[in-house]
Amino acid sequence: MKMECSWPGNNQLMRMYHNEEWCVPTTNDQYIFEMLTLEGAQAGLSWSIVLSKREAYQKAFHNFDISFCSNLTDNDLTNIKEQYNVIKHLAKLQSVRSNAQAVIKITKEFGSFSNFLWRYVDFEPIINDWHSEGQIPAQTDLSNQISKDLKKRGFKFVGPVTMYSFMQAIGMVDDHVTSCVYHTSNKERKIKENGF
């Protein structure tokens, strides 16, 4: 029987996210910015709620185009709040603009937002070996450090718990349980067995 992490339950969006995106390393700045925004939007809510509104976020923020988001006006943000099926928390919506502006500054300094983030793990994902989901931490020393560093650079909604979820989202850590077929070790084994 195919084993997977149990946290997505029977929610189709959650299962697709777990199977196709969660803990998959990425260096795509636009996608990284999308995950930063969605993880920040989640604060105090469930991930399933955020995923159910993801399409509306993608439409409202032009697929998380960083330049577009950095130039949004107060009126634009109010219109997004009123007209799109996003989380109606104005400070969270305003953070999309300020975070985009902060990403642009980091890109000028480091070449990309991805470069800035991945240097924290020496450009290699942390592969954890959890046997149960109860072992997975909500935050770590590293997520605390990233949170502090981003806050100093003007980012909002980037607390240490949010940052750990974000690290999972962009694949800086692999937190699939070891029995899950999507854990790095199982994927590598499957590739070898299939002779690729």
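Helices (H or I, at least four residues) and strands (E, at least two) are DSSP runs, numbered from the N terminus. On this basis the protein chain comprises 11 helices and two strands. This is a predicted model, in which local features need pLDDT of at least 70, side-chain atom pairs count only at pLDDT 80 or more, and totals for chains, interfaces and linings use all residues. Residues are numbered from 1 along each chain as its sequence is written, and side-chain values use heavy atoms, with hydrogens and water left out.

**Overall architecture**

From the N terminus on, the elements run α-α-α-α-α-α-α-α-β-α-α-β-α. The radius of gyration, taken over C-alpha atoms, is 17 Å, close to the 16 Å that the globule rule (2.2 Å times the number of residues to the power 0.38) gives for 196 residues, so the chain is as compact as a globular protein of that length. Its C-alpha trace spans about 55 × 35 × 30 Å along the principal axes.

**Helices H2 and H10**

The axes of helix H2 (residues 29-42) and H10 come within 9 Å and cross at roughly 145 degrees; these axes are lines fitted to C-alpha atoms over the stretch in contact, and angles run from 0 to 180 degrees between N-to-C directions. Contact means heavy atoms within 4.5 Å. On the H2 side the contact is made by Tyr31, Ile32, Met35, Leu36, Glu39 and Gly40, and on the H10 side by Thr162, Met163, Ser165, Phe166 and Ala169.

Ile32 lies in helix H2, and Ser114 in helix H8. The contacts below do not count residues up to four places away in sequence.

| Residue | Relative accessible area | Residues touched |
|---|---|---|
| Ile32 | 0% | Thr26, Thr27, Phe113, Ser114, Leu117, Phe166 and Ile170 |
| Ser114 | 4% | Thr27, Asp29 and Ile32 |

The C-alpha atoms of Ile32 and Ile136, 104 residues apart along the chain, are separated by 22 Å.

**Helix H9**

Helix H9 (residues 141-152) has 12 residues and reaches 17 Å from its first C-alpha to its last, close to the 16 Å expected at 1.5 Å a residue, where the expected span is 1.5 Å times one less than the number of residues. Ser143, Ile146, Ser147, Asp149 and Leu150 are its buried residues. These pack against helix H7 (90-110), helix H8 (113-118) and helix H10 (160-169). Just after H9, Gly154 takes a positive phi of about 95 degrees.

Conventions: Buried < 20%, exposed > 50% of the residue type's maximum accessible area, 1.4 Å probe, protein only.
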